[in-house]
Amino acid sequence: LANDLALAAELQGARVLWGVTTSPESAPFQALSDALRSALPLVASAELDPVRFAAIARVVPDIRSHRPGLPELDALEPEADLLRLFDALAALIAALARPRPLLIILEDAHWAGRTSASALEYIARACGDVAALLVCTFRSETAGAAHPLRAVRRRLPQDRLAGYVAVGRLTETDVRRLVCERPALAARA
């Protein structure tokens with residue numbers, strides 16, 4: 001389903017970035033940094049100030065090879081440091097969405113931690129009027145009741161910043177119908 005969404009978005013002119021969280025999340029912001037790394041030349045060419053790029057380099061270190069001379073940032077209190085990073089990520093997403101709409105698909109968010117969930121909520125709030133769509137897939141049976149994304153999923157729709165689509169398991173009939181609706185896939189089946 002995420003592939004279909006990505007294809008539909010690309011066909012309509014959107015730019016698509018894709019990231020995945022592994023089990024367990026190997027580092028905070030894993031899916032988001034994975035998505036940004038997948039388009040590193042594009043990301044590095046965004047119109048963004050060097051301080052924000054330096055903050056982003058914390059989670060996407062390879063950016064320094066594309067943007068030499070980025071400043072070393074002064075240490076801040078942990079919460080202020082996170083806010084600086086969240087602000088930089090939101091500014092980058094807004095910059096990437098300026099020339100054409102942006103779709104960021106973050107898969108397997110049920111393995112993401114609290115810091116990643118906080119980043120997604122911050123970005124959603126900061127980019128509410130930007131032509132960007134963040135799609136997070138997660139398995140509700142894996143993301144327990146205390147999972148941080150569940151709280152984010154409850155708060156953002158209240159402010160009209162997010163929606164939620166529950167997708168149940170596909171039956172064999174559902175899979176056959178999906179395959180048959182795609183001639184290219186049906187030929188391979």
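Does Phe29 count as buried or exposed? At 4% relative accessibility, Phe29 counts as buried, where buried means under 20% relative accessible area, exposed means over 50%, and partly exposed is what lies in between, for a 1.4 Å probe and protein chains only. Before going further, note that this is a predicted model, in which local features need pLDDT of at least 70 and side-chain atom pairs count only at pLDDT 80 or more, whereas totals for chains, interfaces and linings use all residues. Residues are numbered from 1 along each chain as its sequence is written, and side-chain values use heavy atoms, with hydrogens and water left out.

A pair of aromatic rings is described by the distance of the centres and the angle of the planes. Rings of Phe, Tyr and Trp (its six-membered ring) pair if their centres lie within 6.5 Å, and planes under 30 degrees apart count as stacked, over 60 as edge-to-face and the rest as tilted. By this rule the count comes to two aromatic pairs. Tyr122 is partly exposed, at a relative accessible area of 28%, and ring pairs link Phe29, Phe86 and Tyr122 into a cluster.

We turn next to the sheet. It is an open sheet of three strands in the order S1-S2-S3, with parallel pairing, where two strands pair if DSSP finds at least two bridges between them. Strand S1 (15-20) and S3 are the edge strands, each pairing on one side only, and neighbouring strands are turned by 15° against each other on average, direction ignored. Such angles run from 0 to 180 degrees between N-to-C directions, with axes as lines fitted to C-alpha atoms, for helices over the stretch in contact. Helix H2 (residues 30-37) packs on the sheet and touches S1 and S2 (contact means heavy atoms within 4.5 Å), its direction making about 135° with that of S1.

Strand S2 (residues 102-107) and strand S3 (residues 132-136) pair in the parallel sense over five bridges. From S2 the chain crosses through helix H7 (residues 114-126) to S3 in a right-handed β-α-β crossover, that is, with the strands pointing away from the viewer, the path from the first strand over the helix to the second runs clockwise. Among the bridge partners, Ile105 has Val135 in S3, and Leu102 has Ala132 in S3.

Finally, the cysteines. With a disulfide taken as a pair of cysteine sulfur atoms within 2.5 Å, the count comes to zero disulfides. Cys136 is in no disulfide, and the nearest cysteine sulfur, that of Cys127, is 13 Å away. Cys136 is partly exposed, with a relative accessible area of 30%, whereas Cys180, at 60% relative accessibility, counts as exposed.

Terms used:
Helices (H or I, at least four residues) and strands (E, at least two) are DSSP runs, numbered from the N terminus.
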